[in-house]
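Colleague: I have this one open on my screen and would like to go through it with you. Can we start with the overall picture and then move to details?

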Amino acid sequence: MIIDTHAHLDVEDFKTDLPEVVRRAHEAGVGKIFLPAIDLKSVDSVLAVCRQFPDTCWPMIGLQPEEVRDDWREVLAAMHRRILLLLRQKAEGKVLPGETVVAIGEVGLDFYWSREYERQQLAAFEEAVKWSVETRLPLMIHCRKAQNELLRVMRAYERELPGGVFHCFTGNRKEAEAFLRFDRFVLGIGGVSTFKSSHLREDLPAAVPLDRIVLETDSPYMAPVPYRGKRNESAFIVEVMRTLAACYAVDEAAIARQTNENVRRVFGVEI
């Protein structure tokens with residue numbers, strides 16, 4: 001059994017066949033799936049899916065950087081109240097099945113298309129980092145065209161942060177080494193690793209030990225080969241596992257065991 005640490009099963013793409021998607025994931029050997037909120041509305045949709053499949057789906061709560069606008073303070077205040085409420089209910093033994101929050105995410109910086117909200121993104125990300133320190137929940141980090149700025153924010157809290165995932169890593173060896181200087185963090189590896197054009201199959205074994213990797217799909221986006229161009233789903237994560245087994249020259253069971261252990265270490269969740 002393996003774990004998909006990042007899948008957007010709450011989006012419209014899965015509205016008509018979500019039970020079948022979860023069933024196929026189970027049949028493929030996926031035991032747990034972590035769902036990130038990206039904005040205030042999606043907190044409710046993520047929790048609804050996790051309540052529907054409480055043995056499989058686990059929620060993460062955060063403000064995705066592409067969703068940051070001028071109202072980011074109000075949005076974060078509402079999210080923070082929700083996180084603290086859920087954590088308090090868990091501590092009191094009153095949390096509902098499917099409502100155990102496993103991470104702050106997805107949060108981060110994204111300057112790929114525009115820097116219009118750069119200042120707001122930086123402030124919102126730093127607030128999320130503070131939440132991680134406060135709650136001891138790991139971070140699920142989205143970073144695109146913003147590595148230097150993101151790591152600059154994190155360095156001020158490096159000793160206090162409990163850990164987390166640099167989600168959807170597609171960088172080179174140098175970039176991997178910069179992220180992994182944060183020794184309680186791991187890289188999230190998904191479908192891009194299977195693309196013919198990807199250098200990850202060479203760069204990961206050269207720079208990233210297996211105890212610093214977790215598996216993810218980012219469903220419904222970035223489906224792996226041979227499903228590229230189609231809707232991605234958690235069952236397809238086996239293609240990522242097979243790719244990593246081949247490039248690290250180990251068997252698939254070794255990838256499953258080690259990535260599950262990495263999830264247990266970072267999130268406190270295991271199969």
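This is a predicted model: local features need pLDDT of at least 70, side-chain atom pairs count only at pLDDT 80 or more; totals for chains, interfaces and linings use all residues.

Colleague: Fine. How many helices and strands does the protein chain have?

Modeller: The secondary structure comes to 9 helices and 8 strands.

Colleague: What share of the residues counts as buried?

Modeller: Of the 271 residues, 58%. On the contact side, take the pairs at least 6 apart in sequence: 75% of those contacts join residues at least 24 apart.

Colleague: Now helix packing. What do we need to describe a pair?

Modeller: Two packed helices are described by the angle between their axes and the distance between the axes.

Colleague: Then give me H3 and H4. What are the angle and the distance?

Modeller: Helix H3 covers residues 72-91 and helix H4 covers residues 118-135; they pack at about 15 degrees, with axes 11 Å apart. That angle makes H3 roughly parallel to H4.

Colleague: Is the crossing of H3 and H4 left-handed or right-handed?

Modeller: Right-handed.

Colleague: Which residues meet there?

Modeller: From H3, the residues are Trp72, Leu76, Met79, His80, Ile83, Leu84 and Leu87. From H4, they are Gln120, Ala123, Ala124, Glu127, Trp131, Glu134 and Thr135. By class, the contact has 9 nonpolar, 3 polar and 2 charged residues.

Colleague: H4 also packs with H5, I think. What angle and distance there?

Modeller: About 40 degrees, with the axes of H4 and H5 10 Å apart; H5 is residues 147-155. H4 and H5 are therefore oblique to each other.

Colleague: Why oblique rather than roughly parallel?

Modeller: Because roughly parallel needs an angle under 35 degrees, and the angle between H4 and H5 is about 40 degrees. The crossing of H4 and H5 is right-handed. On the H4 side the contact is made by Leu122, Phe125, Glu126 and Val129, and on the H5 side by Glu149, Leu150, Val153 and Met154. Those residues divide into 6 nonpolar, no polar and 2 charged.

Colleague: Changing topic. Where is Met140?

Modeller: Met140 is in strand S5, residues 139-144.

Colleague: Buried or exposed?

Modeller: Met140 is buried, at a relative accessible area of 0%.

Colleague: What does Met140 touch, leaving out residues up to four places away?

Modeller: Its contacts are Thr5, His6, Met60, Ile104, Gly105, Glu106, Val107, Val165, His167 and Phe267. Separately, Ala103 is 37 residues from Met140 in sequence, while their C-alpha atoms are 6.4 Å apart.

Colleague: Which residues have a positive phi without being glycine?

Modeller: Lys145, with phi of about 55 degrees, and Asp218, with phi of about 60 degrees. Lys145 is in the loop between S5 and H5, and Asp218 lies in the loop between S8 and H8.

Colleague: Are those buried or exposed?

Modeller: Lys145 is exposed, with a relative accessible area of 59%. Asp218 counts as buried, at 9% relative accessibility.

Colleague: Last one, Asp211. Where is it?

Modeller: Asp211 lies in the loop between helix H7 (200-207) and S8. At 35% relative accessibility, Asp211 counts as partly exposed.

Colleague: What is Asp211 in contact with, beyond its neighbours within four places in sequence?

Modeller: Val186, Gln258, Asn262 and Arg265. Asp211 and Val186 are 25 residues apart in sequence and 7.9 Å apart in space, C-alpha to C-alpha.

Terms used
Residues are numbered from 1 along each chain as its sequence is written. Side-chain values use heavy atoms; hydrogens and water are left out. Axes are lines fitted to C-alpha atoms, for helices over the stretch in contact, and angles run from 0 to 180 degrees between N-to-C directions. Helices (H or I, at least four residues) and strands (E, at least two) are DSSP runs, numbered from the N terminus. Angles under 35 degrees count as roughly parallel, over 145 as roughly antiparallel, 65 to 115 as roughly perpendicular and the rest as oblique. A crossing is left-handed if the near helix is turned anticlockwise from the far one by less than a right angle, and right-handed if clockwise. Contact means heavy atoms within 4.5 Å. Ala, Val, Leu, Ile, Met, Phe, Trp, Tyr, Cys and Pro count as nonpolar, Asp, Glu, Lys and Arg as charged, and the others, Gly among them, as polar. Buried means under 20% relative accessible area, exposed over 50%, partly exposed in between (1.4 Å probe, protein chains only).
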